[in-house]
Amino acid sequence: MQYDVIVIGSGPGGYVAAIRCAQLGLKTAVVEKYSTFGGTCLNVGCIPSKALLDTSEHYHNAAHAFADHGISVKDLKIDVKKMIDRKNDVIAQNTAGITYLFKKNKIDSFEGTGSFVNKNTIKITKKDGGSEEIIGKNVIIATGSKPTALPFLPIDKKRIITSTEALNLQEVPKHLIVIGGGVIGLELGSVYARLGAKVSVIEYAKSIISTMDGGLGKELQRVLKKSLGMEFFLGHKVTGASAKGKTVTVTAEDAKGQAVSFEGDYCIVSVGRVAYTKDLGLENIGITPEERGNKITVNDHLETSVEGVYAIGDVVKGAMLAHKAEDEGIYVAERIAGQKPHIDYNLIPGVVYTWPEVASVGKTEEQLKEAGVKYKSGSFSFKASGRAKASGDTDGFVKVLADAETDEVIGVHMIGPRAADMIAEAVVAMEYRASAEDIARICHAHPTYTEALKEAALAATANRAIHA
């Protein structure tokens, strides 16, 4: 079979790239290693974790917030099996949706491991050992990433686990130890903390979500400690972990270099992810992944050193985000079709789906200070938001950073209710190079959470927030 484009991998980057290629009239094939489409995101990442986050949030609210609303709940309990079953049903619905979209767009799909014979020929090795080959004018590598494994942290997938196994626990841990205070660890840690687990987060950096604006990490740590009782051990270097029976022991060095240990019944290792390029046969086309992170080097058009071979998503430089992969998939598809698409990597938002949610786009204060950029900052607390008071979600704030001279918005950082959705307004504003004054002049519906963004923009513009 001959194709205009062959996509290896059907995660958010791969399946979106395939659909866009088909829309543009390109004969397209997708090679997927597993029996379901959607990659990490739909099967063991974004979607299932959000399903568990929603279930655990409902439970936690029923246990701790309903009484304030005059709602009485007796004999509250969590059915873990049903929670997991619901999560699996959400996955099935989403993966079936991709199957439908492939058929609708006349995309051929092949199940098996795709590897390069040469730059145009892809060998598909099936589970039964059989194989076949297909030929494509262009190939898009979209094989994603896998959890980072550390040599001194053996993962047994039973007690010492990754995020994948954490999505299928059959009980609520008594004491869950989370190694890594990043997005994945905090989201999964908060799931089980809401359900009653004691959760201890061990982080090497001096703050959680350390790649985001510093104020967000401080506020999130405060709220998770206050509302869920989560413990945080920052500046700790993990040195090992072992499991014996139902007990997991994690050893570490604290900020002073003193040896410390933690005991729990489960331990999630969430110290990042590494690009997945195994069995791709890259050596057959002269591509060697980077030593650090195993990523594939690409140019500004996401093309590798081999003409006609592209790579997108987690296997290339930049943040490992599903929506980044999607944008890159569309970019490459349109590039192959002869168009001139564009991606502004500075305007790809980052989100943490804890509660309160955390969202960020553009430059952080730390980055601006390091670069010597003169800026103005305006913040507004949800404690002063009428909508937040009505819903009982008054933790958090919105911060707007604007250029000191031009007033152009160069960063927006928020932690609060529905921040994951609210950040889109900031992205749109920054895409059109809006000033803080522009956002401040836009009429926001009342009462809404987004009024906090308007107030923060007002604060950044001559410090004139109305409700602060």
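**Notebook: salt bridges, cores and a surface patch**

I began with helix H12 (residues 436-441), where Glu437 and Arg441 both lie, four residues apart, about one turn of the helix. The model I am reading is a predicted one. I found a salt bridge between Glu437 and Arg441, with the closest N and O atoms 2.7 Å apart. I then looked up accessibility: Glu437 is partly exposed, with a relative accessible area of 22%, and Arg441 is exposed, at 63%.

I noted that the count comes to 18 salt bridges. I next examined Lys50 and Glu187, whose side chains meet in a salt bridge (3.2 Å, N to O). This pair links distant parts of the chain, since Lys50 is in helix H3 and Glu187 in helix H6 (residues 183-194), 137 residues apart. Is Glu187 buried or exposed? I recorded Glu187 as buried, because its relative accessibility is 6% and the cut-off for buried is under 20%.

I turned to Arg222, which forms a salt bridge with Asp395, the closest N and O atoms being 3.1 Å apart. Here too distant parts of the chain are linked: Arg222 is in helix H7 (residues 214-228), and Asp395 is in the loop between helix H10 (386-391) and strand E21 (397-403), 173 residues apart. I recorded Arg222 as partly exposed at 35% relative accessibility, whereas Asp395, at 17%, counts as buried. I also noted that Arg222 and Asp395 belong to a network of salt bridges with Glu219 and Lys226.

**Nonpolar cores**

Which residues have the most contacts inside the largest nonpolar core? I listed Phe102, Phe116, Ile122, Ile134, Ile140, Ile141 and Val332, in a core of 52 residues. Helix H1 (residues 12-23) gives the most to this core, with seven residues. I recorded a second, separate core of 36 residues, which includes Leu52, Ile84, Val352 and Phe397.

Leaving aside neighbours within four places in sequence, Ile141 is in contact with residues including Ile8, Phe116, Leu280, Ile296, Tyr310 and Val315.

**Annotated domain**

I consulted UniProt, where an unreviewed entry places the feature "domain: FAD/NAD(P)-binding" at residues 3-329. Over residues 3-329 I noted 31% helix and 26% strand, with the end C-alpha atoms 17 Å apart.

**Surface patch**

Lastly, I looked up a nonpolar surface patch of about 210 Å², made by Ile71, Val73 and Leu76. I placed Val73 in the loop between helix H3 (46-64) and helix H4 (80-104). Val73 is partly exposed, with a relative accessible area of 37%, and so passes the requirement of over 30% for patch residues.

Conventions. Residues numbered from 1 in each chain as written. Predicted model: local features only at pLDDT ≥ 70, side-chain atom pairs only at ≥ 80, totals over all residues. Heavy atoms only, no water. Patch = residues over 30% accessible without salt bridge, like charges linked within 9 Å, V, L, I, M, F, W, Y side chains within 5 Å. Areas by Shrake-Rupley, 256 points an atom, 1.4 Å probe, with all protein chains shown as cover. Salt bridge = Lys/Arg side-chain N within 4 Å of Asp/Glu carboxyl O. Helix = DSSP H or I, 4+ residues; strand = E, 2+ residues; numbered from the N terminus. Buried < 20%, exposed > 50% of the residue type's maximum accessible area, 1.4 Å probe, protein only. Core = buried A, V, L, I, M, F, W, Y, C linked by side-chain atoms within 4.5 Å. Contact = heavy atoms within 4.5 Å. UniProt positions renumbered as here; feature names shortened; annotations may be inferred.
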